[in-house]
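Hi everyone, thanks for coming. Let's look at the structure together, and I'll talk you through a few parts of it.

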Amino acid sequence: MNEEPRKQETDKERYERPVQNWICGWAEEGRRCHLGPSPKGRCTVTNECAPRKQGDGWVCTRWPNFGGECEQGPLPDGACCRPIACCQPVRSLRSKRTMVTRWTILLTLAVLLAGYGGFWRKPFVSAGDLSMQHSTAVGECSGCHVLFANDAQDEHPDTPVFDDSMNIRCVACHDMGSNSSEPHGLARGELSVISQRSRAKAGESSTPMMLSLAALMPGGTNGHEGSLACATCHKEHRGREAEPAEFADLKCQTCHSNQFASFSGDHPDFSQYPYYRRTRLIFDHARHKTTHYSATKKAFVCSDCHMLDRAGQQMALQSFESACLDCHGFEETRAVQKIYHHGQQILTKEVEFFVLPRLDLRTLRRKNVDIGRWPATAKSRRLTPFMELFLTADPSVAPVLDRLKGKKLSNLRSASDAELEDVRRLAWAIKELLGVFANGDVAPLGGRLEAVAGASRKQDQLLALSGQAQPGLFAEAIETWFLAADDSDPDYDISAFEDDLRTFRAQLCRADSAACRASSDSKKSTTDKLGGRGVTTGVWTRGTNRASIVYQTSGHGDDFLKGWLDLALQLQATDSQAQDVNREAIRQSGEALLVELGGVKAKPGKAKGAGQCLKCHSIESVAGTPSGVINWTAFRPEIATRGFSAFAHAPHLQLGDQKACAVCHILEDAEASKAASSKVLESFVHIQANTFKGNFSPMTKDTCGACHNPKTAGGACVTCHNYHIGTLVPTMLWTATSPEALEDNAPDGR
Amino acid sequence: MKLAQRRNRLLTILIVIATLSWVSYTAYSATLVDTRFFTGWTLLLLVVALVLLNARKKLSFLPIGDTSLWLQFHIYAGTFTVLLCLLHIGFRVPSGVLDNILALVLAGVLLSGFVGLLLTRRLPSRLAIRGNDVIFQRIPASIREIAREVEDLVMQSVVEADSKAIPQYYAKRLNTFFARPRNFFFHILELDRPRRILVSGVSELHRFASPREKEILQRISEKVIEKNGLDYQYSLQLMLKGWLFVHIPLSYTLILVAFFHTYLAYHFRGDLL
């Protein structure tokens, strides 16, 4: 059987013209006309030919392809004798395809215009679902996109063309500091310094090939000076499960001078990590383990003192009461608080705040130097550092003190008239000072604290410095020492000054009877919450055998001691906050207070001081504070700034308690080292926290690399490093429903 | 150059370019620059260049290279857009209404293009095997002619042989068969079943036919076969022309949506300029 289709005519004159849009409707019948439809699809052929005049007659001009000249020939009037019925032209396949294409284009344009211009514009143009974090926090597109915020503002004059100000929206919720658009949030120039330091420390490493190629690309190296948009690294609209902070390792390194292939490969080794500074509290781990703990047969367990912070990131120190009190405990007695060392009571914990010095009353009387009443119980050989400070703050008294320095006031037989006059002025200055303290309802310690500590102190700081001493205590002291009648003394004369004091005392008693009683009746420290911060102070008493006013500390964390030690540290710096004062005297007073209160060793091995605070609390230098600051607390994770390194203790502690700590924190061999141990303590002699000898060996990369390799825990950059550093405010967890709401609730300054 | 040689050479060039592109993209991804703009513009310009093939065909008088060369570029560059698109979207499923529309349209264009490539490589050889060149536009006329001939044969059977079976069978089965091109999918799938059914039906009539009827039946069988051949030609040639009904309109849609996507990408880029 022959399956071959019948042979079709291939005459070139019957070329089908495939580009034509219309085809004769008779083509399907096999009777298509010789011309075909017009370009507009109309049938224009009515006859098989268009006769041609030849002489007197007409000649048929039918094409040979269509049969050639017909037998009948044209009609006498020249019309063709073979009419063709009009056809219904049909579109060619090509034309149909063109129509489909045009309609598709129109439909596409309609969909785009409807989508972009209709009320469903936002879901239409949205690039996809937001991550889970942002979809709950950001309600509208305008929450991030500035351009959408202008939708309703028809008359907004400065509609941005592009959304390049989107950073503003990001930092409205995410407080990244004042340099949010700079690399790592560091000020320009600061990063260069860090880079130079890093380059100097790092060893050799090989740049991965991809990074070498990347450096050749346009914009390949961002450098340290270019700003970065948040969107450079944080991509959104990738679905709810996507992590906006996901970032490839190579991208981290594209800016870095030291580049390497992987952590387990040629990542630079650690130098001092994590021990870049000494501890804030003076604590010798080795000595405690090998000497103190072994002596008490107590196990040296890390978790006895160290605990995980709330975030599971850092290790914080437990409170003094939990970690230290068992050994460094206090015994409260009525008058004395003791500290125990090796089971022996070593120190009392009371501070003489105010004393009356012993004066050579006989000589003064003989020389007619009028100092008024001076009690026989005034036995002190020197003024307290507090008194020296307060008296020095008085410009009229400071020179007197200076001249009397080193003089023995209990023996004035060989004193000159000028010296006696100085003694007279000193005595009345002391009385006046006491009188001012008795006027303490105006301000703590009569307002004299501002002259010493500076006017910028807050109320709770002044309260701590005053020890919440009641004015009545000083008033009673005045009455006891200076106002009690002494009939045996014929020269005794209550001056107008003393009359005023007595009147004041009477007034004080009427206003507050409690102020009349000595505060020594109460053993408990008073707490006055000012501004939400409690001030813990101790107990005030008057000396029984000597004319003195004594402060008994409340125990560990006494705010009086802390306040005065902080002040003393500042005062010993060259510039004092008080004005018009004898700076050297102030400085010396500060030094004396440090010894008196903090236990600063006067000589090696000799500990002095009421508080012994500085035995454990180190002093270190801080930028902007020439004198340094006392570290009253250990490292506090909750206020720590984010550094470049990010380490979370919690996942690592799953390995087990003591073993986990010892994997990374290797205590240097304490057996060998009393010498080494002493070097640890020597580190605290100076105030440079970065120059020290620590108890622990720095970690090595191999310690981390044991787990952080491609096969196990992975070694991505962001596993261990932060990009955003500094003090970052946690993101607010509320939903902004409008740009105005976002701006209303943004942190100040934005 | 032989076809195989040319194909191998062009494939090699494509693989090299693809590899270099992948490496460059991976390196570029290590920078802080948003590579999507780079890949996006490359993709857009490539798509525009691909669409220009249609214009090239229409402007054949311009001395801008042979159309066959353009076609080769169109094929291989079109293949390359697959990789480029995957790099642009980061090998993840797009999200968002417009992005999904764009992805679907591009997928449609690529798929129709690959289907078209496959058809243009396979079908002509199948057509050539089946015999003479047949002009697609003339197939309906040829079918109509065969139908008229078969009608004449049926009339002859009634007049000359007083046959009832033949007209009945014609009315029942052959009339619709000869009316227009038939059995499109069977011919695409190279299945001969419809023809065999019809021919066997005609053969069944032979048993009870007179000699004249048998003669007529024989000729009708030949017409069935001939018409079937035309149907085959029609089906395959329709496929060869019809895939462009999908590919070309989708290409223009792709251009429009892509430009709109570009506009939105810049409008909401969120970068610092």
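**Where two chains meet**

Let's start with one pair: B:Arg144 forms a salt bridge with A:Glu28, and their closest N and O atoms are 3.2 Å apart. Please keep in mind that this is a predicted model.

Which elements of chain A give two or more residues to the side that touches chain B? They are helix 1 (93-117), helix 2 (121-125), helix 4 (146-149), helix 5 (166-173), helix 7 (209-216) and helix 8 (249-253). Helix 1 of chain A gives the largest share, with 12 residues. If we sort this side of chain A by class, we get 32 nonpolar, 19 polar and 18 charged residues.

Now let's step back to the whole interface. Here 69 residues of chain A are in contact with 66 residues of chain B. The area buried between the two chains is about 5900 Å², and carbon and sulfur atoms give 63% of that.

Next, a look inside chain A. Is helix 12 of chain A, residues 385-392, largely enclosed or left open? Seven of its eight residues are buried, so helix 12 is largely enclosed by the rest of the structure. Among the buried ones are A:Phe386, A:Met387, A:Leu389 and A:Phe390. And what covers them? The cover includes strand 10 (350-355), along with helix 13 (398-404), helix 14 (417-438), helix 15 (448-453), helix 19 (559-571) and helix 20 (583-598), each of them in chain A.

Still in chain A, find strand 11 (residues 539-542) and strand 12 (residues 548-552). These two strands run antiparallel and are joined by four bridges. For one example, follow A:Trp540 across to strand 12, where its bridge partner is A:Tyr551.

Finally, let's turn to chain B. How many helices and strands does chain B have? The count is 10 helices and zero strands. Of the 273 residues in chain B, 44% are buried. Here is one more number for chain B: taking contacts with a separation of 6 or more, 81% are between residues 24 or more positions apart.

That's my tour, and I'm happy to go back to any part of the picture.

Notes
Residues are numbered from 1 along each chain as its sequence is written. Chains are lettered from A and ligands numbered from 1 in the order in which they are written. This is a predicted model: local features need pLDDT of at least 70, side-chain atom pairs count only at pLDDT 80 or more; totals for chains, interfaces and linings use all residues. Side-chain values use heavy atoms; hydrogens and water are left out. Contact means heavy atoms within 4.5 Å. Buried area is the accessible area (1.4 Å probe) that two parts lose on being put together, summed over both. A salt bridge is a side-chain nitrogen of Lys or Arg within 4 Å of a carboxyl oxygen of Asp or Glu. Ala, Val, Leu, Ile, Met, Phe, Trp, Tyr, Cys and Pro count as nonpolar, Asp, Glu, Lys and Arg as charged, and the others, Gly among them, as polar. Buried means under 20% relative accessible area, exposed over 50%, partly exposed in between (1.4 Å probe, protein chains only). Two strands pair if DSSP finds at least two bridges between them.
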